[in-house]
Amino acid sequence: MLTFLTSESGFVWDSIATFAESTGIYGFFATEGGWKSIAMIGVAFLLLYLAIKHKFEPLLLFTIAFGMLLTNLPFANMYHTELFAGGHVHWGEFVNSAGLLDYLYLGVKLGIYPCLIFVGVGAMTDFGPLIANPKSFLLGAAAQIGIFITFLGAFALGFSPAESGSIGIIGGADGPTAIYLTSRLAPELLGPIAVAAYSYMALVPVIQPPIMRALTTKKERMIRMRTLRPVSKLERILFPIVITVIIALLLPSAAPLIGCLMLGNLMKECGVVDRLSKTVQNELMNIVVIFLGLTVGATATADAFLNVRTLGILALGVVAFGIGSASGVLLAKLMNLFSKEENKINPLIGSAGVSAVPMAARVSQTVGQKDDPSNFLLMHAMGPNVAGVVGSAVAAGILLSFLG
């Protein structure tokens with residue numbers, strides 16, 4: 001009898017010990033780098049706070065933060081970096097060891113989620129101001145200069161060409177494009193780059209105004225632009241078709257993003273598939289945003305995020321964004337040197353060439369009205385703003401062509 005009790009007691013204690021060793025709490029202290037997981041959970045809490053309390057790009061930053069939380073909980077086994085090591089999907093190991101977020105991450109790895117988001121973005125975008133003032137294309141293109149200058153700077157600092165391209169794309173202020181390019185060129189940097197891209201998009205009202213005011217005079221900020229001409233329905237329908245054909249022929253690597261963007265826009269403008277247009281703007285867009293955010297956040301593991309390189313990425317991201325904003329303003333000033341008085345451009349709209357739609361356009365309006373409350377720049381700024389969406393996708397295609 002005593003032997004049985006002793007045996008049973010040993011079984012109970014072994015079971016308790018086994019259970020204790022399987023808990024995440026044990027994992028914090030028993031695994032190497034457990035303190036890093038605690039630090040990353042703290043970062044996730046910070047991002048959740050910013051998304052919920054201060055509404056910093058909440059639709060994606062919220063889900064990215066929660067994905068970051070899930071992936072850094074010890075023994076949760078929801079995401080495994082080794083399944084995607086070397087930039088490839090290791091299908092042989094996938095079936096036996098993949099977790100929930102591994103399966104969802106395939107949508108990022110295969111380039112599905114960013115393209116689907118671009119369909120929704122296209123359906124919500126009005127290209128009318130761009131069609132009415134084609135010069136806006138130049139301002140949108142100028143704002144992408146920050147991408148290529150930062151690419152050169154990152155390369156000079158020791159990042160590989162692929163990593164430098166992924167860092168530079170932060171300057172486009174376009175989260176889906178940054179995710180799309182990084183997932184192909186430098187997937188190990190996806191977490192830090194996504195956090196940087198969406199954080200700086202949320203900080204547009206903070207980062208851009210000092211740059212805009214420093215590069216313009218009060219007289220320039222008070223320039224009033226002529227009312228935009230009406231854009232016909234035929235022009236609106238032909239625009240996405242023509243742009244898709246031209247860009248796909250010149251730069252096939254940009255075709256997935258541009259094609260999906262223009263598909264969504266054509267759904268909106270043609271007027272015969274309203275059900276599809278509303279679906280991609282709402283239900284599809286919302287579902288994809290959830291999956292994209294969670295899986296991008298899952299890549300922000302402690303080893304990938306807590307290092308000096310991440311700080312460098314964050315710093316270079318600010319540089320890219322600042323140069324992009326400044327380039328648009330400076331090109332507008334240059335264009336004014338060759339324009340008649342009645343055709344002059346308010347340089348403030350040049351900063352909207354970064355594709356943070358429509359926040360960057362609103363910043364142009366806000367800064368302009370501080371000097372002239374009755375000056376309405378919003379619709380003029382929307383031209384460069386939507387041109388920036390196209391420009392960032394083209395820039396990503398160029399980098400992918402050279403580096404992919």
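**A chat about helices and salt bridges**

Colleague: Let's start with helix α12, residues 175-185. How many of its 11 residues are buried?

Modeller: 10 of the 11 are buried, so helix α12 is largely enclosed by the rest of the structure. Buried means under 20% relative accessible area, exposed means over 50%, and partly exposed is in between, using a 1.4 Å probe and protein chains only. Helices here are DSSP runs of H or I with at least four residues, strands are runs of E with at least two, and they are numbered from the N terminus.

Colleague: Which residues of α12 are buried?

Modeller: Among them are Gly175, Pro176, Tyr180, Leu181 and Leu185.

Colleague: Before we go on, what kind of model is this?

Modeller: It is a predicted model, where local features need pLDDT of at least 70 and side-chain atom pairs count only at pLDDT 80 or more, while totals for chains, interfaces and linings use all residues. Residues are numbered from 1 along each chain as its sequence is written, and side-chain values use heavy atoms, leaving out hydrogens and water.

Colleague: Okay, new topic. How many salt bridges does a search of the whole structure find?

Modeller: The search finds 9. A salt bridge is a side-chain nitrogen of Lys or Arg within 4 Å of a carboxyl oxygen of Asp or Glu.

Colleague: Which residue does Arg309 pair with?

Modeller: Arg309 pairs with Glu163, and their closest N and O atoms are 2.6 Å apart. This pair links distant parts of the chain, with Arg309 in helix α21 (residues 308-336) and Glu163 in helix α11 (residues 161-168), 146 residues apart.

Colleague: And is Glu163 buried or exposed?

Modeller: Glu163 counts as buried because its relative accessibility is 11%. Arg309, at 35%, counts as partly exposed.

Colleague: What about Glu220? Which residue is its partner?

Modeller: Glu220 forms a salt bridge with Lys333, with the closest N and O atoms 2.8 Å apart. Here helix α15 (residues 218-221), which holds Glu220, is linked to helix α21, which holds Lys333, across 113 residues. Glu220 is buried at 18% relative accessibility, whereas Lys333 is partly exposed at 23%.

Colleague: How about Ala123? Which residues is it in contact with?

Modeller: Leaving aside neighbours within four places in sequence, the contacts of Ala123 include Gly264, Lys268 and Val280. Ala123 and Val280 are 157 residues apart in sequence, yet their C-alpha atoms are 7.1 Å apart in space. Ala123 lies in helix α7 (residues 112-124), and at 1% relative accessibility it counts as buried.

Note on methods
Contact = heavy atoms within 4.5 Å.
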